Structures are given as structure tokens and as C-alpha cells.
Amino acid sequence: MASVGALAAENPAQTFEHVILPVLDEVCFDCHEPGLSKGDVPFFEAEQVADIQGMRSVWRSVASQLRNRTMPPADKKQPTDEDRIKVVEWIEGHLQDSACELGPFAGYVTARRMNRLEYDRTIHDLMGVDLQFSETLPAEGGTGEGFDNSGESLFLPPMLMERYLEAARQIVDAAIVSPPRKQTIVGSDLMPPAKGEPRKYRPIRAGEKVAAMMSVFVEDDYRIGVRAIVGKGKKSVLQLSVDGVPATRIEFSASGDGKPVEKKLELRLARGVHAIELKLAKDSDGLSIGEVRLAQNFDLEKVSEEQRTNHQRLVGAVVGEQPEDPRKLARDCLTAFLRRAFRRPVGDGEVERFLQLFDRSIGRGDPYEEAMKLTFRGVLISPDFLYRMEREPESEEIQPITDHELASRLSYFLHATMPDEELSRLADEGRLNDAAVLKEQVKRLLDSEESRVFVRHFIGQWLGTKDLGGRVAPITNAVQDFYTPEVASDMREEVVYFFDHLIRDNRSVLEMVDSDDSFLTRRLGKFYQLPESALEKLRDNEFRRVGLREQGRGGVLGMGAVLTMTSHYKQTSPVLRGAWVFDRLIGSPVPPPPPDVPELPTKGRDGKKKLTDREKLDLHRTAASCQACHQLIDPIGFGLQNFDAFGRWRDKDNDQPIDAKGVMPSGESFDGPIEMKSVLAETRRDELVRNLTRKLLGYALGRSLEDRDDCTIAQLVGTLEESDYKARTLIEGIVLSTPFRNRQAIPPEPIEP
Amino acid sequence: MTRPQSISRRNLLRGVGATLALPWLESLTPTGFAKGLGSSGLAKPPLRSAFLFMPNGVVPDHWTPEGDAETGFEITPMLKPVEHLRDQFSLVENLWHEETDGRNGHWPKVPAWLSGGFVERGTGGDLDTGGTSIDQLMAHHVGHKTSLPSLELGVDEPRTGIDNVGGGFPRILGSFISWRDPHTPVPKEIIPQLAFDRLFRTTNRFPVVSGIDPDSEIVKRSLQRDDASVLDLVMEDAKSLQSRVSGSDRQKIDEYLESVRAVEKRIDAVMKPGERWINKATLDMPRPASGIPESHAEHVKLMLDILVLAFWTDTTRIGSFMLGDAQTGRSFDFIDGVRKKSFHGLSHHRNDAEVKAEYEKIGTWHVAQLAYLLEKMKGLDEGGSSLLDNSQILFGSSLKDGNSHNPHDLPLILAGGGAGTLKPGRRVRAAKDTPMCNLLAAMSERMGVKTTRFGDSTGVLSGLG
């Protein structure tokens with residue numbers, strides 16, 4: 001920030017009191033007098049310059065509203081331009097200078113429940129199965145800096161607990177292979193027992209009901225066999241029910257030789273004990289049941305090599321084999337498993353606790369595999385697995401988190417999953433919190449293909465492009481010939497591949513706005529109507545880097561995802577596009593339109609001529625209540641008018657040539673997207689860089705940023721400026737920063753009941 | 001091997017409906033419950049409460065009738081879809097939430113709709129909506145009587161990000177009307193199949209067979225009790241954590257423990273059902289297909305069906321349903337005469353006659369969904385009275401007028417007989433700017449939950465019965 005003018009050299013307390021406050025008193029106080037209304041922005045509560053420290057974000061907002069001329073409202077008294085600039089520059093300069101006044105700040109990251117993406121990826125790494133729970137778990141709303149990995153808003157309501165409980169069962173069933181279930185109940189064990197001496201063949205009369213209690217471990221198809229003897233020349237019908245629900249009828253007729261007859265059928269059964277009930281139909285002849293058998297319709301031969309390896313890794317035994325000393329093996333496997341599941345070393349007490357589940361299962365005669373499954377189910381819904389818990393800080397002093405906590409933070413930041421073997425090993429050795437080692441690991445994680453998940457998740461949420469093709473632009477008949485789900489998907493991924501490249505090749509982050517390149521598939525290239533020569537180099541299902549300066553593209557403002565998302569259906573909106581740039585890229589959103597906006601004229605003053613969009617907006621800007629914001633946002637949108645509502649290039653709209661000229665409120669003029677982007681990157685550079693830094697820090701920490709985080713942000717921005725804005729400098733800087741590697745207790749704030 | 005009529009769960013669920021299904025659904029046959037475990041049914045049907053939120057307000061003069069007749073009033077254009085049900089509901093007028101006055105157009109009004117709380121600005125790290133919603137208060141006090149304390153439904157995924165003009169409101173505020181406490185929203189299920197399954201999840205109980213004692217060791221050690229034993233174990237684990245942490249981590253663990261207890265309670269309720277209402281007739285509803293239906297109308301209808309099923313089976317007595325989140329950008333172009341534009345966009349119609357007409361059509365469509373629900377509930381007999389007679393259903397919006405964000409005289413319909421405590425078919429006109437919390441307190445009182453003061457209530461709204 002280069003706003004440290006002559007004013008800053010003076011005594012800030014004096015300047016604030018004698019220069020800044022009088023201007024604000026004059027133009028803001030009438031409406032913003034403290035205590036006037038309950039929901040007001042309380043910046044006047046700062047009576048001395050030191051008070052600003054306690055409300056930095058409020059004062060930052062004061063500066064940006066003044067700079068953007070969104071305050072004071074147009075129908076209220078305005079400061080002179082000179083005063084306006086003086087106040088804005090002083091506030092910004094003061095915020096910059098005082099950022100680290102209170103010293104470094106680590107803050108406190110609340111225990112974070114894994115969000116559904118992290119849950120899926122962690123389950124994959126831990127259990128070796130891919131069940132895509134992210135499709136069905138409830139979506140997380142993002143707070144903090146707007147990301148869904150913010151601990152504060154990752155709630156765990158009963159509904160989700162129910163889901164985790166069910167998911168855990170599905171996961172262990174998919175990962176661990178139980179031996180095929182077989183069970184036989186002989187006639188004398190049928191319920192209720194026959195009166196008198198127990199006999200192997202249980203006779204039943206017409207209308208009588210007996211039940212075989214069968215237990216199955218895994219939901220699957222089961223063959224049920226019923227063996228019975230029917231008297232010579234007799235016919236009997238058994239009504240079979242499962243847990244009281246009638247399923248089918250089985251007819252028996254005598255075999256002639258007095259030998260038992262067996263009838264079979266197949267049932268789908270859920271895990272649990274089931275009552276297979278057999279009721280002899282009223283008009284049937286009596287019969288005697290010898291046995292009821294159950295066999296799982298499952299063949300161990302069909303288990304794949306991959307499944308076998310995974311099974312053995314988890315439970316320590318070959319598929320289908322029972323260990324000699326089950327409890328010892330269980331203990332060993334569980335110790336290793338808990339270490340990975342809890343992402344830290346575990347104590348014997350913890351292992352013993354979970355072994356209670358193993359004992360419960362083994363104790364009732366379950367096979368080893370089932371006992372391990374039940375044990376793992378406990379682990380998979382335990383708080384130590386579902387939450388990333390960090391050790392409680394002992395004081396309000398800054399203190400380093402443990403190496404294992406650091407490994408988790410780093411791994412979930414850049415790979416959205418649990419630490420891999422190398423990170424775990426470094427943590428075990430106590431070497432991770434060494435700056436050189438950390439740098440090396442950041443490089444390794446970023447070089448890995450897995451880091452694209454981080455880019456996709458961060459960028460998609462920050463820019464809002466993850467919603468494209470979802471609720472933002474529904475696909476309908478009128479456009480489905482060209483705007484297909486594949487095109488929408490390619491558009492979303494274009495943004496991801498572009499940022500991925502900035503990071504992978506360590507380019508300047510300013511290229512997000514000012515670049516000549518992007519990444520396209522052939523399909524997207526066709527959609528953008530690139531010349532055949534350019535298309536030749538592209539492939540349908542692979543993103544390749546393309547120079548697009550001639551097409552007016554490059555950077556996010558030439559991307560279909562952004563341009564489509566900020567358009568109305570089939571119609572562009574310079575207003576939405578400009579507002580998006582301020583909201584997402586620059587990080588100082590403009591206020592929403594006031595309620596009861598007067599009707600827009602659709603015809604010119606002569607009452608005849610139909611106005612173009614630009615003329616309508618020009619008229620709009622003459623209305624006092626609209627002027628300030630629209631002067632700010634509309635020009636950016638005008639610069640993008642060559643892109644239609646789906647981001648395709650056009651020279652004309654409704655047979656009128658496109659006018660893509662504009663003037664920024666600060667005076668710079670441009671014609672077309674390329675010039676506009678350069679002007680934007682130039683005039684708003686500090687804000688662009690600061691906003692990206694802030695967003696990325698918020699994502700990395702998984703908490704809302706506080707005023708005192710300004711110190712870290714200022715330092716990161718400073719380092720970034722010195723390194724030509726290199727993307728990896730920023731990520732590395734965040735990982736090495738105080739709040740990423742440390743934690744401190746916050747003085748408790750009483751919460752009202 | 002012959003394969004006579006294999007009962008695949010899928011087939012059963014698709015073909016026969018939820019009333020007849022495999023074990024994990026068996027508890028749905030309420031008579032089976034009573035018979036098997038000797039639980040006694042209630043003597044008369046209980047009162048159910050539902051809260052239906054529609055986003056973005058209404059066209060005021062096409063909602064509120066002219067004049068001041070209590071009965072026989074004119075049915076305004078937006079009320080046309082419920083005209084044939086006019087003796088089943090009352091219009092409740094002149095209510096508002098003072099704490100939403102003069103604030104942001106949408107965000108604070110949504111959590112406040114059922115709580116009246118003052119919603120603080122913030123970035124979400126410190127969510128404070130100033131109140132617990134009335135449905136959750138009811139659930140807290142009487143929810144233990146049913147296997148699900150309450151059911152929260154919706155159609156939109158929660159919003160992310162911050163609307164940070166001048167201090168900021170997290171957009172997540174616009175996604176929840178149900179709040180467990182001022183800091184914690186209760187997420188809503190938006191996928192029909194999952195909402196349907198939720199009614200019957202964790203209901204896998206030991207089969208009832210004569211000769212087996214449900215309290216015996218064999219049942220306790222059975223597979224059916226595994227979920228409970230797993231929960232017991234992690235509860236122990238969480239309790240040991242609880243003693244080691246404080247501050248916001250402590251809150252997280254408390255929340256975790258509370259959820260574990262809630263699921264345990266559900267399991268216990270299945271093993272030992274308490275007194276519940278048992279309808280003799282059955283209500284068939286096929287298990288919905290997975291995913292979200294392409295048609296929005298179908299989506300809303302399924303969610304309403306699930307709400308009715310939950311009430312009918314006495315799985316819960318308290319439900320909330322958001323027919324859309326605040327500022328929903330959904331297009332309603334499936335309605336004749338509505339273009340493919342965002343609902344919220346159209347709500348700011350700037351008095352453009354054409355746009356305003358589209359806005360009104362969307363609002364009227366929402367009233368038609370209420371009509372569907374009321375008709376369905378009216379048609380279900382509970383032994384001399386209908387399910388609707390035994391319900392109180394609040395339908396409405398947190399804005400009177402979407403164009404101006406007017407918070408006065410909120411558009412509210414109170415339907416159902418309230419188990420004999422309501423006298424529908426009228427306009428209940430309170431004094432101007434009466435707290436809506438007075439109405440919420442009146443509904444709460446009818447559920448047996450009395451509050452001396454709820455939100456900014458100044459009393460219990462009279463004149464409803």
C-alpha cells in the first residue's frame with residue numbers, strides 16, 4: 001500500500017482527532033450516531049485512534065465505502081473529493097501501519113468436523129473404499145471466509161450422527177470380507193419349543209406357527225432351505241414370513257418314500273437377527289420340519305485381489321482365514337489403525353477401550369472379521385476421528401501445535417485428507433515443525449496431482465464457480481444444443497486448471513486477472529468458437545494450455561464459468577459482472593440495490609425510441625440513489641460486453657455493434673476486455689492481492705479471520721510483493737505463518753443462554 | 001433352485017409401499033408395535049405442529065382481503081388455491097417481528113421468523129440469531145414422546161459465503177428457520193429418499209416372537225443392539241475428551257454428545273416404544289427414488305408427503321419445511337406465464353406490471369402447495385377426526401412484500417383444527433404490529449409447552465379458538 005502520505009508522518013492520535021474525525025462528524029454522524037439504532041455499524045465508538053484497533057474490520061469497511069463512493073448515500077451530504085481521499089488514505093495507511101501493533105497473533109482454531117469432501121477422501125485413504133458419501137451427506141454451509149471447512153459452522157446434528165452410524169456399517173462391509181454366512185436350525189430348536197420331549201423333526205398342525213431365529217451380518221441375498229416330512233399322499237402349504245411380514249408360500253407334497261423334501265427360496269436380508277416364521281395353512285395336512293437352513297449367496301472366489309490386499313492390511317489376516325490368537329492380532333491391527341484414524345499416537349487405554357467392541361462380538365461367537373468390523377465402526381464414529389481435535393492450549397500465550405496436529409493441518413489444507421505416510425513419519429520424528437522441512441513438504445504436496453482437489457475446492461467456493469450448471473444456470477431445452485452438461489463441467493474445470501497451473505508453475509497471482517492464457521478442452525474450444533488451427537491442438541477430455549489474447553480471453557474474466565454465472569438467462573448483465581468483480585475478486589462488495597427501486601425507463605425522453613441496455617444503465621446512473629455503485633461496477637461490465645450470456649464472443653448484439661468502452665471512477669479509460677483487465681489489475685492490485693491472501697488464509701486455517709489476523713495478512717502481502725507475486729510464495733508463507741503453526745487460548749466470552 | 005417371489009428390499013419398497021416392508025421398516029406397521037411389545041396406544045390423536053416457510057414475500061393487496069369482516073371475506077387472488085378449504089384455515093393479520101425492522105432485507109428475517117430474535121451481524125464464527133425457534137423449543141420439551149423429536153425439511157442446499165456489506169451477514173442465515181439455540185441451526189433434509197429413510201432409520205429391533213423375552217440377555221447381546229453398544233462406547237470416549245477441553249471445543253463435544261444421546265433415544269424408543277397414537281388405516285407411500293427430482297413441483301410434493309407420513313405414523317409431531325431459502329434464485333418457468341428468471345430477482349419487480357404478475361404467480365403456486373397438504377391431511381381419518389383437525393399448520397413468509405422488504409403485517413395462514421383448540425375459517429386481526437411471537441407462544445401452549453415470554457412476545461395471541 002502506497003498511501004502513507006504526509007499525514008502518517010504526523011502524530012496519528014492528533015491527525016485522527018483533528019483531521020479525520022471532523023470530516024466524518026460532518027458527513028456521517030447524523031445517521032451513525034452510536035446507540036441510534038441497534039444494528040448500526042459502530043465506527044463512531046472509536047473516540048481515540050487506539051480504539052480503531054478493536055474494530056479494524058469496521059474501519060476497513062468505512063474506508064472502502066468512502067473510496068467506492070457507496071457512502072454517504074447520494075441524497076445525503078457528501079464530503080469534498082479532497083476530504084474523501086484524505087480520509088480513505090489515512091484510514092488505509094493507519095490500518096496498514098498498525099497491523100502488527102499488538103504483536104503476532106495465532107488465534108484459536110475450533111475442533112473441526114471433517115466436511116463431506118474430507119470425510120470421503122479420508123475414508124478412502126484409511127479404509128481403501130470409495131463410497132461417495134459426499135453425494136448424500138447434507139451439504140455444509142460455509143461461514144468464516146465463506147468456505148465449508150470452517151469449524152465454527154461444521155455442526156453435528158442428530159440427523160448427521162444417524163448418517164455416520166449407517167455409513168460406518170457400509171464402509172466396514174465394503175472394506176472387510178466376512179466369510180459367507182451359513183446357519184442351520186434343527187427342528188428341536190424352532191420357537192416355540194414343542195411340548196414334551198424335543199424331537200429332531202418338529203411336527204406342526206394346521207394354523208400353527210414356528211420360527212427359526214437366524215442372524216446375518218451383512219445385508220445380502222440369502223438362500224433359505226426348509227426340509228420337512230409330509231405324510232404319504234398329503235399336501236401342505238407353509239406360509240413363510242420374515243419378522244412378521246409375509247413373504248411367500250411353499251408347497252410340500254409327499255415324496256412317496258417317506259423321506260424329507262427340501263424346498264428353497266431366496267431372500268434379501270438386512271443385518272440382524274431375523275425370525276423366519278413358518279405357518280402351516282389352515283386346510284393343510286400336518287407336517288414335520290427337520291431343519292431350516294440359511295446360506296449367504298456369496299462366493300469368496302469372487303473377491304478381487306485388490307480387496308484381499310486391503311482386507312489383509314486392515315485386519316491382518318488372509319481373506320477367509322481365522323487367526324490363531326484373534327485378540328492379539330486384533331490388538332495389533334487396532335493400534336495401527338487408531339494411529340491412522342486419529343492422526344496421532346494413541347495410548348493403550350484408547351486401544352483397550354475400543355477392544356470392548358471386539359470382545360462383545362467375539363463373545364457371542366461372531367467370526368474374527370465381524371468382530372473387527374464392529375470395532376472399526378466404533379472408531380469411525382468416534383469424536384477423535386470425525387473431528388480434527390487439537391490439544392487444548394494452556395494459556396493465552398502463543399504456543400506451537402504438535403507436529404501431528406501440524407501434519408493434519410497441512411494435509412487437510414493441501415490435499416483435503418489425512419496425512420500420508422511421509423507426513424506421519426516426519427511428525428513421529430518430531431521434524432515437521434522445522435521451516436526447511438515444512439517448505440519441502442509444501443512443495444511435495446503441491447507437486448502431487450492430489451493438490452488439484454484443494455484448488456478445485458478453494459477456487460470453486462471462492463469464485464462461486466462450483467455452482468455453475470447447478471442452481472446458477474439450469475440447463476433447459478432452449479440452450480441444450482450448445483450449453484450441455486459437459487460444456488458446463490468443462491467451464492467449471494477451466495477455472496480449476498488455470499489456477500492449478502498458476503500454482504504448479506509458480507506464476508504471478510496477478511495473472512488471475514491479467515493473463516493471455518487459459519486451459520481448454522477441445523469441446524470448450526469449440527464452444528468459444530476458436531479457429532480450427534487452435535482447435536487442432538486440443539483434445540476432448542484433456543485440458544491444455546492455450547494462448548487466447550487474440551480472442552480477448554485469458555484470466556478469470558474471460559472464462560465461460562464466470563461470464564455465464566454473472567449473466568441473466570440469455571442476456572448479459574454488466575451490473576452483475578461488475579458487482580461480481582468487487583464481491584469476489586476485490587473483496588469489497590457493493591451494497592444491494594435499495595428496496596423499492598423506481599421503475600426503469602424503457603423508452604427515451606421522446607417516448608419513442610427503445611433504449612439499449614447501455615442507455616438504460618446510463619439513465620440509471622443519473623438517479624442519485626443508484627449513481628455511486630453503478631459508476632463503480634458498470635464500467636467493468638461494459639468492458640466485458642463482447643462476451644454473451646454464455647461467455648461466447650460477439651461483435652454485435654441485436655445487430656448493434658458492441659460498445660465495450662468504459663471509464664473507471666478513478667478516471668482510467670479503456671476499450672474492450674484486454675484493456676479493461678490491465679486497468680483493473682493495475683488500479684486494484686493491492687486489493688486483489690490482499691483479498692486473495694485473506695481468502696486463502698481463511699481457507700487454510702478453517703476459521704473466521706479476526707482483526708488481529710491483519711498482522712499476518714500484512715506480512716504475507718509484503719512477502720508476496722517482494723517475490724513478484726509468486727503463487728507458491730503465498731502458500732508457503734501461509735504454512736509458515738504464526739497462526740498456521742501455533743495456537744493460543746482465547747479469553748472465554750460468556751455466552752448467554 | 002427355484003426362485004419363488006424373492007423379496008428384494010427394493011422391490012418391496014417400490015411395489016408395496018412403506019406400510020409393508022422388510023424388518024428395518026417393520027415398525028412402521030404401528031399395530032405390530034402395540035401387539036408385539038404390549039405398548040398401549042393413546043386414547044385420542046395428539047396435536048401436530050408444522051411450520052411452512054415460503055421465501056420472498058407476497059403481493060400485499062392481492063393477499064390481504066379488503067374490509068374488516070371476520071368471516072365471509074373476499075378470497076383474494078393469491079388465496080385462490082385454498083378457497084375450497086376456507087373453513088380449514090384462518091388468516092392471521094397484523095403480526096410482525098420488531099427486531100427485523102429496518103435491517104437487511106432477507107438474512108436476519110429468516111432465523112427470526114420462528115424465534116423473533118435479533119440476528120447479529122458477523123462472519124459466521126459467532127452466529128447469534130438471538131433466539132431458539134419455536135419448533136425446536138417444542139421439540140425440546142415434548143419431542144421425547146415420539147421416535148423423532150422433530151423433522152426439518154427443505155429443498156435448497158444451504159448457502160455459503162458472507163453478504164458482507166457494512167458488517168455482514170452470513171448467507172447461511174437464510175437457509176434455516178429451525179434453530180436449536182441461537183448459535184446452532186438444525187439442518188434440513190432436502191433429498192426425498194433420505195428424508196423418507198430417516199423416518200425409519202435405527203428402527204431395526206429384535207423380532208417379536210413368542211417365547212423370547214425382549215429383556216433377555218440374548219436380545220441385549222444381539223446384533224440389533226450393536227448400534228447402541230457402539231454409541232455407548234463413543235459416548236465414553238467423548239466424555240473423557242469433554243473433561244480435557246474448554247471453550248468452543250467444549251461446545252463441539254457437547255454437541256456431539258447431545259447427538260449421540262438423541263440417536264440412542266431413538267433406538268431405545270424402538271426397543272421400548274412409549275405411548276403413541278396408532279392409526280388403524282394404512283397410508284401407502286412408495287420409497288422415493290434417489291437424488292433430487294428434476295421437477296421442482298414433484299420435489300415439493302414428495303417432501304410434503306413425507307411430512308404427512310411422519311405425522312400419520314406418529315413418528316414425530318413437529319415439522320418444519322422451507323419451500324425455498326431466502327433470496328432463492330430458483331426459476332419457476334414451469335408455471336404458465338413465468339419466464340426463466342430468478343424468483344428473488346422477480347420479487348424486486350419495481351412495480352413493472354409484467355414482472356409483478358410473474359412474482360404473484362410464483363407466490364400463488366406456493367399457496368397451492370399448501371392446498372395440496374391441507375387436502376391430503378383432511379382426507380386422512382384418525383377415528384372420527386381428520387389428521388388436519390388434529391394439527392396446527394403455520395404457513396407464511398418473513399416479508400409482506402418482496403419488492404420493498406416490508407416487515408409489517410406478515411402474510412400468515414394458520415390452518416387445521418388444533419385438536420379442537422382452533423376455530424378456522426376466519427380473519428384473526430390483531431392490533432397493528434402485534435409481535436408474531438404472541439402467535440408462536442399460542443401454538444406452543446397448545447402443544448403443552450408454556451412459556452412466560454417467547455422472543456419479544458407480550459402475551460399469548462387470543463382469538464384463535
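**Exercise 1.** Where is the place of A:Tyr725 in chain A? Give its backbone and burial values as well.

*Solution.* This is a predicted model, in which local features need pLDDT of at least 70 and side-chain atom pairs count only at pLDDT 80 or more, while totals for chains, interfaces and linings use all residues; side-chain values use heavy atoms, with hydrogens and water left out. Residues are numbered from 1 along each chain as its sequence is written, and chains are lettered from A and ligands numbered from 1 in the order in which they are written.

Step 1: A:Tyr725 sits in the loop between helix H25 (710-722) and H26 of chain A. Helices (H or I, at least four residues) and strands (E, at least two) are DSSP runs, numbered from the N terminus.

Step 2: Although A:Tyr725 is not a glycine, its phi is positive, about 60°.

Step 3: The relative accessible area of A:Tyr725 is 12%, so it is buried. Buried means under 20% relative accessible area, exposed over 50%, and partly exposed in between (1.4 Å probe, protein chains only).

**Exercise 2.** Which residues lie nearest the centre of the second largest cavity, and which helices supply its lining?

*Solution.* Step 1: The search of the whole structure gives 11 cavities of 30 Å³ or more. On a 1 Å grid over the protein atoms alone, a cavity is a set of points where a 1.4 Å probe fits but cannot get out; lining residues have an atom within 4 Å of a point. Grid points are joined across faces, edges and corners, and a volume is the space filled by probe spheres set on the points.

Step 2: The second largest cavity has a volume of about 130 Å³. Its lining has 13 residues, and nearest the centre are A:Phe458, A:Phe499, A:Ile503, A:Leu692 and A:Leu696.

Step 3: Helices H15 (451-462), H16 (485-504), H24 (685-701) and H26 (727-736) of chain A each supply at least two lining residues. H15(A) gives the largest share, four residues.

Step 4: The lining divides into 13 nonpolar, no polar and no charged residues. Here Ala, Val, Leu, Ile, Met, Phe, Trp, Tyr, Cys and Pro count as nonpolar, Asp, Glu, Lys and Arg as charged, and the others, Gly among them, as polar.

**Exercise 3.** In what order do the seven strands of the open sheet in chain B stand, and what surrounds S8(B)?

*Solution.* Step 1: The order is S3-S8-S1-S9-S10-S2-S11, with mixed pairing. Two strands pair if DSSP finds at least two bridges between them. At the edges are S3 and S11 (427-435), each pairing on one side only.

Step 2: S8(B) is joined to S1 (residues 48-53) of chain B by five bridges, in parallel, with B:Ser320 as the partner of B:Phe51. S3 (residues 151-154) of chain B pairs with S8(B) over four bridges, also parallel; B:Leu151 has B:Gly319 as its partner, and B:Gly154 stands opposite B:Met322.

Step 3: In a regular strand the side chains alternate between the two faces of the sheet. On S8(B), B:Ile318, B:Ser320 and B:Met322 on one side and B:Gly319 and B:Phe321 on the other are all buried.

**Exercise 4.** Which residue pairs of chain A does a cis peptide bond join?

*Solution.* Step 1: One such bond joins A:Met71 and A:Pro72, with omega about -10°. A:Pro72 belongs to the loop between H3 (56-67) and H4 (81-97) of chain A.

Step 2: Another joins A:Met191 and A:Pro192, with omega about -15°. A:Pro192 is in the loop between S2 (182-186) and S3 (202-204) of chain A.

Definitions and conventions: 1 Å grid on protein atoms, 1.4 Å probe; cavity = no way out; pocket = protein on both sides within 12 Å on 5 of 7 lines; lining within 4 Å.
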